Amino acid sequence: MNKLNQKTREQAIALNRKILKEEVIQEYKKYEEALKQHPELLHLEDEIKKEGQEILKKKALGELTEEERNAYFKKKDYFEKHPLVVNYLNLKSEVNDYLLQVETIINEELGKAID
């Protein structure tokens with residue numbers, strides 16, 4: 001790796017470390033770990049994903065019963081309103097917004113430097 005690439009790599013690593021220290025990132029990681037401590041929620045999330053695909057297939061074929069639909073949405077509603085999941089998803093969105101802002105700034109500055 002040449003000097004420029006090594007320097008850029010070191011700067012990227014330093015930026016990564018700074019980003020990981022940001023409060024929103026730390027809070028997100030806390031909820032991510034908390035969610036891992038609740039395997040029942042992770043299992044429920046997997047179930048909802050699988051059942052969601054089945055619901056779509058059955059609906060397209062006209063085979064979806066009202067009972068199946070209601071059971072799916074009840075389960076999905078329970079999951080999405082669970083306080084741990086709500087906080088996790090909100091923080092995940094904030095982290096994504098934050099990272100997009102960082103990416104935009106980097107791209108703008110690179111664009112200025114190249115022009």
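Modeller: The discussion below takes the terms one by one.
Modeller: This is a predicted model, in which local features need pLDDT of at least 70 and side-chain atom pairs count only at pLDDT 80 or more, while totals for chains, interfaces and linings use all residues. Residues are numbered from 1 along each chain as its sequence is written, and side-chain values use heavy atoms, with hydrogens and water left out.

Colleague: What are the buried residues of H2?

Modeller: They are Val 24, Ile 25, Tyr 28, Tyr 31 and Leu 35. Buried means under 20% relative accessible area, exposed means over 50%, and partly exposed lies in between, with a 1.4 Å probe and protein chains only. Helices are DSSP runs of H or I with at least four residues, strands are runs of E with at least two, and both are numbered from the N terminus.

Colleague: Why are the buried residues of H2 said to line one face of the helix?

Modeller: Seen down the axis of H2, the buried residues fall within an arc of 130°, so they line one face. The arc is that of the directions from the helix axis to the C-beta atoms.

Colleague: How do you know that the span of H2 is close to the expected one?

Modeller: The expected span is 1.5 Å times one less than the number of residues. Helix H2 (residues 23–36) has 14 residues, and its first and last C-alpha atoms are 20 Å apart, close to the expected 20 Å. The 32 residues of H5 should span 46 Å, and the end C-alpha atoms of H5 are 46 Å apart, which agrees.

Colleague: Why is Tyr 28 called buried?

Modeller: Its relative accessibility is 13%, and the limit for buried is under 20%; therefore Tyr 28 counts as buried. Tyr 88 is also buried, with a relative accessible area of 13%.

Colleague: How many aromatic pairs does a search of the whole structure find?

Modeller: The search finds two aromatic pairs. Rings of Phe, Tyr and Trp (its six-membered ring) pair if their centres lie within 6.5 Å; planes under 30 degrees apart count as stacked, over 60 as edge-to-face and the rest as tilted.

Colleague: What makes the pair of Tyr 28 and Tyr 88 stacked?

Modeller: The ring centres of Tyr 28 and Tyr 88 are 5.4 Å apart and the planes stand at 25°, so the pair is stacked. The pair links distant parts of the chain, with Tyr 28 in helix H2 and Tyr 88 in helix H5, 60 residues apart.

Colleague: Why is the pair of Tyr 72 and Phe 73 called edge-to-face?

Modeller: The ring centres of Tyr 72 and Phe 73 are 5.1 Å apart and the planes stand at 75°, so the pair is edge-to-face. Tyr 72 is buried, at a relative accessible area of 10%, whereas Phe 73, at 38%, counts as partly exposed.

Colleague: How do you know that Glu 27 and Lys 30 meet in a salt bridge?

Modeller: A salt bridge is a side-chain nitrogen of Lys or Arg within 4 Å of a carboxyl oxygen of Asp or Glu. For Glu 27 and Lys 30 the N to O distance is 3.3 Å, and their side chains meet in a salt bridge. Both residues lie in helix H2, three residues apart, about one turn of the helix. A search of the whole structure finds 10 salt bridges.

Colleague: Which residue forms a salt bridge with Lys 58?

Modeller: Glu 68 does, the closest N and O atoms being 2.5 Å apart. Glu 68 lies in helix H4 (residues 66–81) and Lys 58 in helix H3 (residues 39–61), so the pair ties together parts that are 10 residues apart in sequence. Glu 68 is partly exposed at 27%, and Lys 58 is partly exposed at 26%.

Colleague: Why does Lys 81 count as exposed?

Modeller: Lys 81 has 58% relative accessibility, and exposed means over 50%; therefore Lys 81 counts as exposed. Asp 77, which forms a salt bridge with Lys 81 at 3.3 Å between the closest N and O atoms, counts as partly exposed at 34%.
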